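Reader: Could you walk me through a few features of this model, one question at a time?
Author: Happy to, so let's have a look together.

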Amino acid sequence: MVISSSPSNSEITTGRYLDQRKIGNALQQAVDFGASYAEVRLVAETGSSVNLRDGILENAIPGQEVGVTLRILADGAWGVHSTTDIASLPEQIESTVRLAKAVAKRRSSSDKPVQLAEIPIFQDEIHWRPKKDIRNTDLSTKIDMLKNIADSASDHEKVVSTTCGWSDEHIHTELLTSEGMDRVWSFQRSLVRGMVTARDDSEVVSYRTRYGGEGGLELIESCDLGQLGNDAMVAALRLLKAKRAPSGKMPLIADRDLTGVYIHEALGHPCEADLVAAGDSCLDGKLGQKIGSDIVTVVDDPTMRGGYGAYPIDDEGVNTRAKRLITNGVLTEYLNHRETAAHFGIQPNGGARAQDGLHHPLVRMSNTMIMGGNHDTIDDLMEDIDYGIYACGSRGGQVDTGKGSFQFAAQEAWLIENGELTTPLKDVSVSGLTLEILQNVNGLTRDAKLAAPGFCGKGQTVPVGDGGPIMRISEALVG
Amino acid sequence: MLPDDAVERIVEGAQSIGKICQSKGIGEWEVVAFQSYGHELDIEAGKITLAAGGGDGGYGVRVLDGGRFGYAHLVDVSGAEHAVSQAISIAKVSPSVEGFSLPQNQKSTDVLGRCDSKILDVGPEYLLEQADSILSEVASLDSRAVVTGGGVGVSATAGAIVTSQGILSSGITTSHGAGVQVSIDEDDELTSAWESSSSRKLLKSIPDCIETSVHWAQCTRGPIEVDSQAVDCPVLMTSEGFSPLFSVCIPAAAKGEKLARKESFWSGNEGLMVLANDLTLIDDGLMEGGMGSSSLDGEGVPRQTQTLVENGRLVGSMWSTRDSAQMMAEGRIEYAQSTGSASRGSHQSPPYTGCSDMILKSSKGGKSRDDLISHMENGYIVHSVMGAHTANPTSGDFSVTTSTILKVVDGQIVGPIKQAGLSGNIAKALSNNIILGDRPIIQDSYSTGGMHIPDVLVMDGFRINPA
């Protein structure tokens with residue numbers, strides 16, 4: 001049966017869901033059964049989503065979900081139990097220890113048992129309080145704000161429909177471990193999005209836009225929503241006249257959105273130490289090696305407040321910090337969690353994230369960016385290009401981390417001819433090999449910033465921020 | 001795996017939420033409940049790395065008053081008063097949709113094969129043995145091959161829907177899945193392939209996807225050199241390669257609401273030819289063992305087997321109760337009614353229109369893969385694509401990447417190429433010169449439900465752009 005207890009004071013972020021004494025006893029019981037490490041992590045998410053169709057409310061969905069995961073390391077292997085039934089957790093201790101031991105028994109003599117890197121133990125609470133708590137925002141305010149997007153996105157006869165959406169969440173996490181960790185943290189995320197569909201005879205196109213990040217209502221209020229909608233409409237109308245992109249290898253300039261997706265897919269995923277340890281990364285064994293051009297420096301920073309991938313503490317209770325993945329072209333750090341940190345003999349750097357309370361932590365990105373370069377404007381980047389592509393806005397991407405091949409798609413693009421933007425293009429995608437294309441980055445503007453918020457899938461979905469400056473690649477495969 | 005009284009407990013919970021709705025004077029209400037339990041194993045670097053189990057679930061409540069609806073979800077019935085109040089307050093500010101009413105209880109057809117009692121008895125030990133078998137099989141097929149990622153898992157879900165209109169339905173569904181990323185890393189060359197199998201029935205100990213993944217990791221080794229110029233040519237998409245692209249674009253185009261709003265590339269073509277004249281597209285909501293099939297849809301309307309495209313002509317579309325009422329109320333269409341196509345991702349979302357089990361077939365029958373290769377003469381075989389989710393469902397345009405691609409010359413496979421872009425428009429390609437294979441493989445999809453698409457030989461409209 002689905003049962004969850006409520007916090008002692010649900011109005012205040014510091015209200016606890018877990019009974020520390022009972023959970024402490026359960027964790028000790030796990031150790032008594034033979035666990036070398038045990039943790040209980042609870043996540044309570046209070047959120048809402050609102051969707052408008054052609055400016056009219058389609059649905060509004062409030063909700064609260066609570067999930068808890070028991071993770072046990074015994075004989076060097078993991079056993080995990082996840083449930084919405086918090087009260088049942090102590091009953092699962094023995095079976096989860098047995099599960100871990102059953103996995104351990106299958107390990108061959110050549111395989112190393114799982115170990116965890118040492119970390120500082122804290123008993124504390126960290127709450128990133130927004131200026132305007134999103135939970136206090138009423139539905140009519142959300143609808144009015146979305147109507148700003150809808151109204152400005154639909155002001156043309158060729159726009160056949162608009163959809164606008166809102167989502168917010170207050171995330172409250174509690175982590176107790178057999179090592180004595182007892183941490184509680186909370187933060188909020190808020191996001192608005194819009195999509196414009198335009199039609200001209202049989203030609204039909206759509207353009208999507210998003211704005212949001214870590215924070216409360218103040219974040220959405222800081223956005224010119226009318227401009228966001230209008231920009232999406234103008235882009236959709238432009239796409240109606242856009243031509244199909246040429247195919248082949250050519251110079252590419254990527255806007256902030258695409259630069260972010262590129263660095264997320266091409267570099268970020270292969271830098272995840274769980275993939276490296278599994279032999280599924282093209283960056284295996286390349287720490288300290290030059291893998292990109294001198295101007296490429298990449299950071300992944302969960303402490304970047306406001307970024308959609310920000311979080312105060314990782315899901316193993318490790319304090320977060322900025323990770324410098326590439327420094328002037330040299331691979332300097334993998335993203336890791338405690339298991340992979342021990343595997344590689346390095347310090348944990350706070351890269352463990354779980355989708356929610358029902359999933360166990362994996363190594364994940366947060367806010368990933370290429371740092372700025374020394375060009376002032378896009379014109380500076382284009383002036384040397386006789387024939388190339390300027391691609392903008394992301395429709396997502398994918399990577400094969402082992403082979404190091406990646407693909408990402410742009411929402412719109414232009415042809416660059418003799419240093420100037422000429423023909424609008426649509427359905428442009430870019431693909432390549434990580435270890436080749438990082439060497440081909442040969443121009444960056446100075447102004448690195450996070451771009452539109454995104455979501456990353458790796459079996460589990462987590463919010464991320466990506467971005468950077470405007471980037472020039474000397475040669476990329478465009479299709 | 002599932003408690004014996006799981007169904008009774010969630011029905012009881014749903015009924016108690018329904019009573020709260022009644023006590024608040026709500027004319028029409030609907031409560032759905034799900035409770036899932038499962039076990040899974042992760043495989044990394046050729047070994048089992050983690051075993052997990054557990055369960056989750058919750059309730060969703062939809063209230064309707066004068067065509068205005070509100071929705072809220074909750075994890076346990078202790079929060080029902082609050083959730084129902086939230087749903088009511090949302091309904092009050094929602095626009096009224098004239099004619100929108102929750103469906104009445106109707107006679108439905110039982111769908112077989114949704115629950116395999118053998119899965120209910122599966123425990124972690126069974127999965128551990130299966131994972132061991134899979135690892136051994138991969139090693140025996142090719143000593144160089146390693147399962148670098150993947151896993152196996154089983155789940156059982158108790159589900160129920162209770163409504164004010166007399167619908168009370170409940171049951172259990174099961175599923176069993178396996179997926180592996182097989183890599184061969186030798187002589188400074190890494191090739192890999194991801195394959196998966198899923199079923200409502202217990203899979204055999206070593207699913208077919210295991211051999212397929214080893215095969216593609218093997219046959220893409222030793223790439224040949226090709227001219228790097230982009231070329232428009234015949235492309236044989238295997239079922240595994242084509243289904244993801246198909247699932248992004250085609251089910252969306254057949255939704256009634258998208259057609260009515262002119263958001264579909266098939267809008268305005270109702271009754272006209274949209275596919276090649278031998279192709280028929282069916283959404284089968286009653287398929288035995290189908291991943292998206294069931295006797296009732298997500299809001300309690302009987303599912304059906306519906307022909308969407310018949311011999312190339314667009315003859316049907318998919319509707320939920322609300323979409324049909326709304327499009328009529330807005331004057332976009334004269335008449336529509338639910339086709340039993342309401343899907344539900346979980347208790348957290350109200351019903352939305354989606355396909356159940358989608359089938360593409362040809363009146364000409366299907367050809368074997370060898371025959372298709374022979375027929376194409378010169379072109380490429382593409383087995384998987386990267387970035388299928390970036391295809392544009394509004395236009396049907398796509399531009400993706402593949403590294404499981406073989407070149408065909410004079411009807412013979414001459415070797416793999418390292419990587420290539422693949423682009424085109426899926427709607428246009430399917431309306432041209434298409435030849436289907438004879439072996440549909442059930443694939444998970446980016447849409448709701450399952451895809452049952454065979455190999456597809458696209459003679460015109462696709463472009464290959466070798467890296």
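Reader: Welcome start! Which residue is the bridge partner of Val408(B) in strand 17 of chain B?
Author: Keep in mind that this is a predicted model. Strand 16 (residues 397-409) of chain B runs antiparallel to strand 17 (residues 412-417) of chain B, and 5 bridges join them. Within strand 17 of chain B, Val408(B) has as its bridge partner Ile413(B).

Reader: Which residue in the hairpin of strand 16 of chain B and strand 17 of chain B takes a positive phi?
Author: The hairpin has 2 residues between its strands. A positive phi near 50° is taken there by Asp410(B).

Reader: How many residues of strand 18 of chain B are buried?
Author: Strand 18 covers residues 420-425 of chain B. Ala420(B), Leu422(B) and Gly424(B) point one way, Gly421(B), Ser423(B) and Asn425(B) point the other way, and all are buried. Buried here stands for under 20% relative accessible area. The strand is mostly covered, and the count of buried residues is 6 of 6.

Reader: Now to helices: at roughly what angle do helix 3 and helix 5 of chain A cross?
Author: Two packed helices are described by the angle between their axes and the distance between the axes. For helix 3 (residues 139-153) and helix 5 (residues 225-240) of chain A, the axes come within 7 Å. The crossing is right-handed, and its angle is roughly 35°.

Reader: How many charged residues does the contact of helix 3 with helix 5 of chain A have?
Author: Helix 3 of chain A brings Met145(A), Asn148(A), Ile149(A), Ser152(A) and Ala153(A) to the contact, while residues of helix 5 of chain A include Leu228(A) and Met233(A). By class there are 6 nonpolar and 5 polar residues, and the number of charged ones is none.

Reader: And how many charged residues does the contact of helix 4 with helix 5 of chain B have?
Author: The axes of helix 4 (residues 124-141) and helix 5 (residues 208-219) of chain B come within 10 Å and cross at roughly 35°. Ile134(B), Glu137(B), Val138(B) and Leu141(B) of helix 4 of chain B meet Ile210(B), Glu211(B), Val214(B) and Gln218(B) of helix 5 of chain B. By class, this contact has 5 nonpolar residues, 1 polar residue and, as charged residues, 2.

Reader: Is Asp54(A), with its positive phi, buried or partly exposed?
Author: Asp54(A) is not a glycine, yet its phi is about 50°. Its place is the loop between strand 1 (35-53) and strand 2 (56-74) of chain A. Since the relative accessible area of Asp54(A) is 26%, this residue is partly exposed.

Reader: Finally, what area is buried between chain B and chain A?
Author: The contact involves 78 residues of chain B and 70 residues of chain A. On the chain B side, Val75(B), Met386(B) and Thr390(B) lose the most area to chain A, together 10% of what that side buries. Carbon and sulfur atoms give 50% of the buried area, which is about 6000 Å².

How values were computed
Residues are numbered from 1 along each chain as its sequence is written. Chains are lettered from A and ligands numbered from 1 in the order in which they are written. This is a predicted model: local features need pLDDT of at least 70, side-chain atom pairs count only at pLDDT 80 or more; totals for chains, interfaces and linings use all residues. Side-chain values use heavy atoms; hydrogens and water are left out. Helices (H or I, at least four residues) and strands (E, at least two) are DSSP runs, numbered from the N terminus. Buried means under 20% relative accessible area, exposed over 50%, partly exposed in between (1.4 Å probe, protein chains only). Axes are lines fitted to C-alpha atoms, for helices over the stretch in contact, and angles run from 0 to 180 degrees between N-to-C directions. A crossing is left-handed if the near helix is turned anticlockwise from the far one by less than a right angle, and right-handed if clockwise. Contact means heavy atoms within 4.5 Å. Ala, Val, Leu, Ile, Met, Phe, Trp, Tyr, Cys and Pro count as nonpolar, Asp, Glu, Lys and Arg as charged, and the others, Gly among them, as polar. Two strands pair if DSSP finds at least two bridges between them. Buried area is the accessible area (1.4 Å probe) that two parts lose on being put together, summed over both.
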